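Hi,

Here is the structure I said I would pass on.

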Amino acid sequence: MKHKAPLLLLLAVGYGAVPLLLGANNYVMSMIVAALVIGGVALSWALLGNLGGMVSFGHSAFFGIGAYVSALLTVKLHVPVLAALPLAGLGAVAASVVMLPVLRLRGPYFALAILAYAHIFRILATEWSSVTGGAGGVAGIPSFPTVSGFDFGNKLGAYLIALTLVLLFAWVYARIRASYYGIALRAMHDSEDATRVVGVDSTLLKAAMLMVSAFIAGVFGAVNAHYINFLEPDYAFNASWVTLPIVAAIFGGYRTILGPVAGALVVYLADQLIFKTYMPTGHQLVLGVLLVLMIVLRPAGLLSLFAKKGGAHAGA
Amino acid sequence: MTELILQALYSGLLQGGSYALIALGLALVFGTMKVINLAHGELVLLAAYIAYQVESKGFGPMFAIPIALVVVCLAAVSVYFIVSRIKQDREINSLILTYGIGVILTNLILLVWHADVRSTSSTWLQEAFVVGPLYSMRSELIFFVVSIVLMAGLWWWLSKSWYGRAVRAVSSNRDAAKLMGIDPGKTELVSFIVAGVLAAFAGVALFSYGVIQPAYGGALTVKAFIITVLAGVGSIPGVLLGAVLLGVAEALTVTLASSALQELAGMGLFLLVLFVMPNGLFGAARRRG
């Protein structure tokens with residue numbers, strides 16, 4: 001841990017300054033929670049892209065499945081909310097297992113195949129109405145519970161949960177990247193064939209990254225479901241759940257760990273507070289323009305501007 | 001029952017014509033530039049909305065074709081110039097880039113023409129055209145013929161004209177083509193323009209016999225992609241066959257199950273081919289990692 005100071009500052013702002021200064025402002029807190037949820041998905045998307053070398057346009061599938069698994073477990077089987085969160089992650093992992101054959105495909109074929117899967121899952125959620133409630137959706141999803149006197153059911157509670165999960169998964173991501181597997185994955189990025197020759201099972205590693213990524217996206221889908229208490233297929237599997245994280249990750253730099261989260265905070269807040277005010281419909285147009293500009297002008301992300309000056313904890 | 005199935009086969013065949021045009025555009029660009037244009041479906045949809053606009057001014061949707069050709073080709077050319085600016089990590093970055101362009105186009109369409117579902121109000125186009133026990137709208141038949149003519153033209157162009165042969169040369173070996181004095185950049189541009197032409201016709205066709213809405217573009221790209229997977233890489237008859245297969249699978253699903261599951265049919269077919277014949281039904285090229 002070379003960069004202790006920025007990390008401590010981050011924790012102080014996240015757990016101290018933000019709740020103290022903004023905790024009472026429900027509107028701003030709800031924006032920040034939503035931004036953190038998108039940041040979590042962006043983190044999982046970037047993990048797959050950075051470590052696995054795969055571009056996914058199907059993360060809305062993992063997000064939606066996580067949301068539905070958690071919602072149905074808590075509403076129909078009365079599973080406690082906090083126990084349902086990891087189960088939601090596992091549900092998304094199960095969905096990713098169905099996708100594993102796609103890993104044989106490379107580049108654009110993988111990206112489009114996973115997009116096709118996202119369509120399939122959305123249709124299933126709509127049509128399998130005996131379980132999912134169909135197009136009408138699931139209502140009355142329980143909020144986060146009160147734990148030892150603190151009510152996690154309100155905006156501040158949801159914020160603390162989302163923030164903690166984002167940091168937890170960022171830590172997991174950092175550990176994976178620093179591990180032996182991380183080195184193998186980075187080598188794979190340079191030459192998959194050469195890495196195979198020295199005895200790395202590249203398909204297995206990519207499968208593992210797909211599962212980790214699916215787990216994270218699924219958990220955030222569940223967090224969002226318990227936060228807004230309502231789900232319908234078109235919402236849970238909406239393409240926004242992949243568009244926004246992609247823009248966030250590209251904006252913040254998808255090869256860094258916290259860049260996508262920082263990107264999500266900036267992009268989502270700008271989208272909701274500025275773009276949406278001036279363009280009630282079609283405000284995602286601006287996000288598309290942002291994405292195109294970033295890829296053409298600075299594919300390494302905006303944070304890369306600061307990284308050169310050293311001390312960028314996001315890249316550590 | 002047999003009549004229903006025959007009818008589904010017929011409708012699927014007619015639908016396959018426009019699908020093939022869309023898929024061929026996607027495949028041409030992928031051939032020369034090795035880039036999947038994720039905004040391709042949106043280009044098609046743009047043409048469809050131009051047809052809607054022309055019709056709402058009181059003209060037949062057919063008159064939209066020249067305007068759609070100009071607008072869609074200009075859009076395709078812009079996509080080319082943006083994509084060609086990518087220098088590093090072209091494979092990943094071009095996907096994200098064209099995805100972004102797709103988001104832009106979808107939202108532009110949403111802004112200009114709103115979220116409502118649109119379809120043609122021309123009775124002439126929708127009039128029934130009956131062949132024996134088989135029924136279709138007049139527009140379906142017209143555009144099936146148009147797409148066959150376009151494909152014949154494309155085949156002639158690819159095999160006889162200088163630029164068409166350049167497209168094939170760059171597709172099969174970029175470096176060798178360069179040594180033969182072919183400018184790969186120019187050839188890529190040409191492939192984008194031809195893809196735009198095909199997309200323009202396909203879009204007007206879609207509006208003439210179907211319903212359109214702003215979010216439909218992504219689904220069109222996926223359909224085109226599924227067809228290229230079915231067909232393998234390369235031949236025009238292969239793509240047409242793949243497109244008809246997809247059209248028939250969709251039509252049969254609607255007839256035998258429900259229209260909500262229509263999209264699932266294509267996906268099922270796609271996954272089946274992926275597992276059983278990863279090189280496509282008619283292709284031999286390697287795609288596996």
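A quick word on terms before anything else: two residues are in contact here if their C-beta atoms, placed from the backbone, lie within 7 Å. Keep in mind, too, that this is a predicted model.

With that cut-off, Ala47(B) touches Ala68(B), Val72(B), Ala199(B), Ala200(B), Gly203(B) and Val204(B), leaving aside residues up to four places away in sequence. Ala47(B) also turns up in the largest nonpolar core, which has 203 residues: along with Ala162(A), Leu291(A), Ala23(B) and Ala48(B), it touches the most other members. The biggest contribution to this core comes from helix H2 (residues 26-52) of chain A, which gives 16 residues.

On to the two chains. Chain A puts 34 residues in contact with 37 residues of chain B. On the chain A side, helices H5 (107-127), H12 (240-252) and H14 (284-297) each supply at least two residues, and H5(A) has the largest share, with 12 residues.

The axes of H3 (residues 59-76) and H4 (residues 81-99) of chain A come within 8 Å and cross at roughly 140°. Angles over 145 degrees would count as roughly antiparallel, so H3(A) is oblique to H4(A). The crossing of H3(A) past H4(A) is right-handed. Among the residues making the contact are Phe62(A), Ile65(A) and Gly66(A) of H3(A), and Leu85(A), Ala88(A) and Gly89(A) of H4(A). By class, this contact has 12 nonpolar, 6 polar and no charged residues.

Cheers

Notes: Residues are numbered from 1 along each chain as its sequence is written. Chains are lettered from A and ligands numbered from 1 in the order in which they are written. This is a predicted model: local features need pLDDT of at least 70, side-chain atom pairs count only at pLDDT 80 or more; totals for chains, interfaces and linings use all residues. Helices (H or I, at least four residues) and strands (E, at least two) are DSSP runs, numbered from the N terminus. A nonpolar core is a set of buried Ala, Val, Leu, Ile, Met, Phe, Trp, Tyr and Cys residues joined through C-beta atoms within 7 Å. A residue is buried if 20 or more other C-beta atoms lie within 10 Å of its own, exposed if 12 or fewer, and partly exposed in between; C-beta atoms are placed from the backbone. Axes are lines fitted to C-alpha atoms, for helices over the stretch in contact, and angles run from 0 to 180 degrees between N-to-C directions. Angles under 35 degrees count as roughly parallel, over 145 as roughly antiparallel, 65 to 115 as roughly perpendicular and the rest as oblique. A crossing is left-handed if the near helix is turned anticlockwise from the far one by less than a right angle, and right-handed if clockwise. Ala, Val, Leu, Ile, Met, Phe, Trp, Tyr, Cys and Pro count as nonpolar, Asp, Glu, Lys and Arg as charged, and the others, Gly among them, as polar.
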